Amino acid sequence: MQEEVVAQIRQNLQGIRRRMAEAAGRAGRDAAAVRLIAVTKYVDSQVARAVAAAGCADLGESRPQELWRKAEALADLPIRWHQIGHLQRNKLARTLPLLALLHAADSARLLQSLEQPAATLERPAQVLLEINISGDASKHGLPPGDAAATLAACRDYPHVQVRGLMGMASRGGGVEQARQDFARLAELRAELQQQFPEFSLEELSMGMSQDFEVAIEQGATLVRIGSALYQGTPYQK
Ligand SMILES: *Cc1c(COP(=O)(O)O)cnc(C)c1O
């Protein structure tokens, strides 16, 4: 791959990290409490390798088949893989062993289906409940009102560890709408944590290239960033 592309990605990454730190600072938060998930769904394994080499140990993919392919191609690197898109149950057994964190646990059925393969792996599945904060019918995710019942069901799944919530801002709503959406998700996390002290719901996965700064201001612990990483390269979206 071209030197310039690698250099551009490194420079973009530096800028993103600086903006993340500034957003954390504005909210009086420790910058170290926010982790960057570099989304590699727009690029091939070679570019993903460059992203990892630039210092991103956490990579995210939305399609499981693509995650399988890249995990295999980059098996020599200590990457933590994040499944950030919908996971069909028939792809679960193959995906679960590769994952550090499933961000998109979006139904009670999927959570139930995780228990057996996670027990077989002898490693609890680490998951976030995806919440459809905006109520957009085209989006995956549990309605906010179903989150408590879904968590309650997870008490029966000892190999499923729910670690927090994931959500996306309303499409086309702009930064102020995103701020409200993220504030709601943060509030829901706090309520659920109070109601379910037996779970450690410390993670809030929210914020993408367009809105990661407001997400951090509202308490994001994980931001999922794709397009901003590839600006000025042939992979720009
Ligand atoms: C693609 C994707 C992202 C990254 O979006 P960008 O706007 O490219 O930063 C984050 N989260 C999910 C769930 C995605 O599908």
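1. Asp136 counts as partly exposed because its relative accessibility is 22%; the classes used are buried for under 20% relative accessible area, exposed for over 50% and partly exposed in between, with a 1.4 Å probe and protein chains only. Asp136 is found in the loop between strand S5 (125-131) and helix H6 (147-154). Helices (H or I, at least four residues) and strands (E, at least two) are DSSP runs numbered from the N terminus. From the C-alpha atom of Asp136 to that of Glu72, 64 residues apart along the chain, the separation is 35 Å.

2. On the basis of the model: this is a predicted model, in which local features need pLDDT of at least 70 and side-chain atom pairs count only at pLDDT 80 or more, while totals for chains, interfaces and linings use all residues. Residues are numbered from 1 along each chain as its sequence is written, and side-chain values use heavy atoms, with hydrogens and water left out.

3. Which residues are around the ligand? They are Val39, Lys41, Tyr42, Ile84, Met168, Met208, Ser209, Arg224, Ile225, Gly226 and Ser227, where a residue is near a molecule if one of its heavy atoms lies within 4 Å of it. By class, six residues of this shell are nonpolar, three polar and two charged. Here Ala, Val, Leu, Ile, Met, Phe, Trp, Tyr, Cys and Pro count as nonpolar, Asp, Glu, Lys and Arg as charged, and the others, Gly among them, as polar.

4. A side-chain N or O atom of Lys41 is 2.7 Å from an oxygen atom of the ligand. For Ser227, the distance from a side-chain N or O atom to a ligand oxygen atom is 2.6 Å. Arg224 has a polar side-chain atom 2.9 Å from a nitrogen atom of the ligand. On its own the ligand has 390 Å² of accessible area, of which the protein covers 89%.

5. Tyr42, one of the residues around the ligand, is in the loop between strand S1 (35-39) and helix H2 (45-53). Its relative accessible area is 26%, so Tyr42 is partly exposed. Tyr42 and Gln88 are 46 residues apart in sequence, and their C-alpha atoms are 21 Å apart in space.

6. Is Thr150 buried or exposed? Thr150 counts as buried because its relative accessibility is 6%. This residue is in helix H6, and the Thr150 side chain reaches the backbone oxygen of Asp146 at 2.7 Å.

7. Glu122 is not a glycine, yet has a positive phi of about 55°. Most residues other than glycine have a negative phi. Glu122 is in the loop between helix H5 (108-121) and S5, and counts as exposed because its relative accessibility is 70%.

8. Asp211 lies in the loop between strand S7 (203-205) and helix H8 (212-217). With a relative accessible area of 13%, Asp211 is buried. The C-alpha atoms of Asp211 and Val223 are separated by 9.4 Å, and the two residues are 12 apart along the chain.

Notes
Polar contact = N/O pair within 3.5 Å; in protein donor to acceptor, adjacent residues only side chain to side chain. Areas by Shrake-Rupley, 256 points an atom, 1.4 Å probe, with all protein chains shown as cover.
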